[in-house]
There are 2 protein chains.
Amino acid sequence: MRVTLVWAMAESAGQKLAQQLKAIVGNNGWISDPTELAPHLTEWRDRVRGNALLMVSPNTVDQVAAVVRACADAEVVVVAQGGNTGMCAGAVPDESGEQVLLNLGRLNRIRQVDPLDYSMVVEAGCILADVQAEAQRNGRLFPLSLGGEGSCQIGGNVSTNAGGINVLRYGTMRDLVLGLEVVLADGSVWNGLKSLRKDTAGYDLKQLFIGSEGTLGVITAATLKLFPRPGEITSAMLAVRTATDAVRLLAEMRERLPDRIQAFELIGERAMCYVLEHIPATRLPFAQHSPWYVLIDLDLAGGVDQLAGLLEPLSDRGLVADAVVAKNNAEREALWRLRHSISEAERHEGGGIKHDISVPVGALHEFLVCAEQSLARQVPVAIPVVFGHVGDGNLHYNVHLPENVPNADRGGLSAQVTESIYQLVKRMGGSISAEHGIGVLKRDALEQFSDPQDLRLMRAVKKALDPQDILNRGKVI
Amino acid sequence: MRVTLVWAMAESAGQKLAQQLKAIVGNNGWISDPTELAPHLTEWRDRVRGNALLMVSPNTVDQVAAVVRACADAEVVVVAQGGNTGMCAGAVPDESGEQVLLNLGRLNRIRQVDPLDYSMVVEAGCILADVQAEAQRNGRLFPLSLGGEGSCQIGGNVSTNAGGINVLRYGTMRDLVLGLEVVLADGSVWNGLKSLRKDTAGYDLKQLFIGSEGTLGVITAATLKLFPRPGEITSAMLAVRTATDAVRLLAEMRERLPDRIQAFELIGERAMCYVLEHIPATRLPFAQHSPWYVLIDLDLAGGVDQLAGLLEPLSDRGLVADAVVAKNNAEREALWRLRHSISEAERHEGGGIKHDISVPVGALHEFLVCAEQSLARQVPVAIPVVFGHVGDGNLHYNVHLPENVPNADRGGLSAQVTESIYQLVKRMGGSISAEHGIGVLKRDALEQFSDPQDLRLMRAVKKALDPQDILNRGKVI
């Protein structure tokens, strides 16, 4: 009897909050219909499904603040969601149905573009591709670029410190943010929307919110750094014998072309083979296979000729086994198609056990050797399929299991593979999440593979900024 | 009687702690002699004098940890000090004589240099110039460069987020740090000494300590980003009519030379006149005076000819009134001597009321116009002497008062001048401290000109990391 009563009270508290929230955001600002809600309650690979009391989509910062304040008063958790393209389910509410989903998609104004200041101010719900296009229209470049750019949102990019293919030259999202506007856990608005290149007036508070995946505040707008548009990009694919050669190649090319290397991607032989096997209209641009391939984008005044001149001595010294330079845009796209098709090709092979790890750039080769050895010892059937961003020390170290491994064994083996790789990453001072964040999918791994001191500090910061644990509870830490 | 007793107990507690600390750091690790201590108890412009129970100079991280732990147990404040070259007295203990001065100068090993990884690991007490030299010996560049580089230390550079003359191309110290090792307020060691270009595994904790001036932890070592050495630098001085022309010039030059502008300094006419008047062997490199001068350093493959080609169309359009390109190193040094002599020249004029402010780059001109107007209205005798870093929006907006202003009036007028400038900075979304930090000299100004929300957040972070307020109490906030 008592239990029912408490439950009824809880439900009615939830319903009361829902009414309050609907009043805040108005008629077009909320969804409770299960069918309409469904896509917002799971992440795109459908590995996690949640529930929500209600989804609200405020279209002003004041509405966001009022929503968070109402939730804080009711002690109900708020889960902020952008384009919901994240890899670790950081934007999906839990299964309880008691959490409020705060979708930022309608908060999508470009507030200001200032080409002279090389900056722009955009709201959290702006699609990354739209921001790139707006910068372009103003004669500037916003350099963040990643697979989900057609649907991911700036707020999500900031809150996950997004990476992508241009990090080598321009840095991660953290490096591209000049200022932030954030709704705090008590529903107050922190206005840190500055456009300053230098500021030592006290602690740099915006750093707290970048990469904290909505657990310390809800980002509502950002001042972004813009850049000059690069010149024409020259692309080439190089065949190299070892990952060390790739690292040495990058180090030497940086000496000759400081700042002009836009991308420097590594593709392992097996990843290349999967692509050639499964993706139509792809072909290896070399006469024979090589253990590793490097795909580079360069912003060179001298174009193809300058690149050929650069490569010749490196080739003479044996650092480059073979090289092909794209002579036109079609050839360039064909090379990049090989890189961009890896994930799709992997799906044809049943999908791998995915690891988005980073180690010091100088230690990439050692990591690859050790990882292969420890897998060979611990899970001999494992097939590593490796690609990544050399300049960032970031590898997508995916591992496939052969078809003949029974389903019943796959879970256990997967866990063993991941344990083996993360142990190595930890030993080498690396990160178990280079660019995909933690969300809920890697939360336990973060706990297991972090220094206890790290976790203690993170929890102290979380407690200081969100003492009620209202913001994205259960994510990250 | 009772008062005396309590005081005696306090003194004996202090003496007990001093004995403990001496035992931790050993015979060569401490100073209590007043004469030897004196230079460590004041900042270099002698505007603040403090006292200390003892100065300790540990030479291992474990000793630093033990010192902080002992102080935390005794509830005694620890003030970390590097080269003591800061501008805001952030490294000077208070007058009580009860605080412990923790000098990092003996913790000065270069632990590792990895040219392939473009990184090095150095301890807090390493002198900046030594770090630059070590990078150079390894074929790399550590780009931080500032006036005090011959005596300032890396730990201080990190804890104040140092700026300097290469920020436009390479960023501030925050952008140059890959990892940190920090002794926390309870004397435990946080090992965040990673060398990762990408890491989204939880909150980016190192950001907390960068720029927090020793109030959140004592930095003991840092992993620093290295860069390729730049090519030969071409320098030029340009005469321009307005600050807007300088900003437009920078914006257009960035379009043509992305990433290759190493410095882009602004010098106001009066600053130039002071230099020409007081510094021997200087001369204006133009036939006539101009309201503003721009000094640029470029890393150009095409050298002087390429620069001349670049300047011609800008000059035709009237953006550049006059230009002189340095044809050799002697000419280059003569141009830079004009810039570097400004502070010395100002001292000959009795020294100014100094303001190290920043505003959005696009708003520099508006700031200069408004500042001049509001000074003319509020303190008509004020003489602004302005120079700074255009690309960073950072102005050293110093204000002189004429000789005939009586000493009795100077204090009040100074306060009025600063109030007027900081009000404007605040209104324009700028910073009252672009690169000099807060320390103790700007603490009240930070309180006065910050959003209360900023202060609340800073205090919450401080409390989370240093609940006893043991670390550099009374600084920053």
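This is a short tour of a predicted model, stop by stop.

**Stop 1: the two chains**

Now show the interface. Of the interface residues of chain B, 100% are also interface residues in chain A, so the copies meet through the same surface.

**Stop 2: charges over rings**

Select Tyr118(A) and Arg140(A). The charged end of Arg140(A) sits over the tyrosine ring, 3.9 Å from its centre. Next, select Tyr118(B) together with Arg254(A). Here the charged end of Arg254(A) sits over the ring of Tyr118(B), 4.0 Å from the ring centre. That arginine belongs to chain A and that tyrosine to chain B.

**Stop 3: aromatic pairs**

Over all chains, the whole structure holds 10 aromatic pairs. Visit two of them in chain B.

Start with Trp190(B) and Phe209(B). Their rings form a tilted pair, 5.6 Å centre to centre, with 35° between the planes. Trp190(B) is in strand β9 (residues 189-192) and Phe209(B) is in helix α8 (residues 206-209), so the pair ties together parts 19 residues apart in sequence. Are these residues buried or exposed? Trp190(B) is buried, at 4% relative accessibility. Phe209(B) is buried as well, with a relative accessible area of 1%.

Move on to Tyr422(B) and Phe449(B). This pair is edge-to-face: 5.4 Å between centres, 80° between planes. It links distant parts of the chain, 27 residues apart. Tyr422(B) lies in helix α15 (residues 407-427), and Phe449(B) lies in helix α16 (residues 443-449). Tyr422(B) counts as buried at 4% relative accessibility. Phe449(B) counts as buried at 10%.

**Stop 4: a buried strand**

Select residues 261-268 of chain B, which form strand β13. How many of the 8 residues are buried? The count is 8 of 8, so the strand is largely enclosed by the rest of the structure.

Which strands pair with β13(B)? One is β14 (residues 292-299) of chain B, antiparallel over 7 bridges. Select Ile267(B) to see an example: its bridge partner in β14(B) is Tyr293(B). Another is β17 (residues 383-389) of chain B, also antiparallel, over 3 bridges. Select Glu265(B) here: its bridge partner in β17(B) is His389(B).

Keep the side chains on for a last look. In a regular strand, side chains alternate between the two faces of the sheet.

Note on methods. Residues are numbered from 1 along each chain as its sequence is written. Chains are lettered from A and ligands numbered from 1 in the order in which they are written. This is a predicted model: local features need pLDDT of at least 70, side-chain atom pairs count only at pLDDT 80 or more; totals for chains, interfaces and linings use all residues. Side-chain values use heavy atoms; hydrogens and water are left out. Contact means heavy atoms within 4.5 Å. Rings of Phe, Tyr and Trp (its six-membered ring) pair if their centres lie within 6.5 Å; planes under 30 degrees apart count as stacked, over 60 as edge-to-face and the rest as tilted. Helices (H or I, at least four residues) and strands (E, at least two) are DSSP runs, numbered from the N terminus. Buried means under 20% relative accessible area, exposed over 50%, partly exposed in between (1.4 Å probe, protein chains only). A charge sits over a ring if NZ of Lys or CZ of Arg is within 6 Å of the ring centre and within 35 degrees of the ring normal. Two strands pair if DSSP finds at least two bridges between them.
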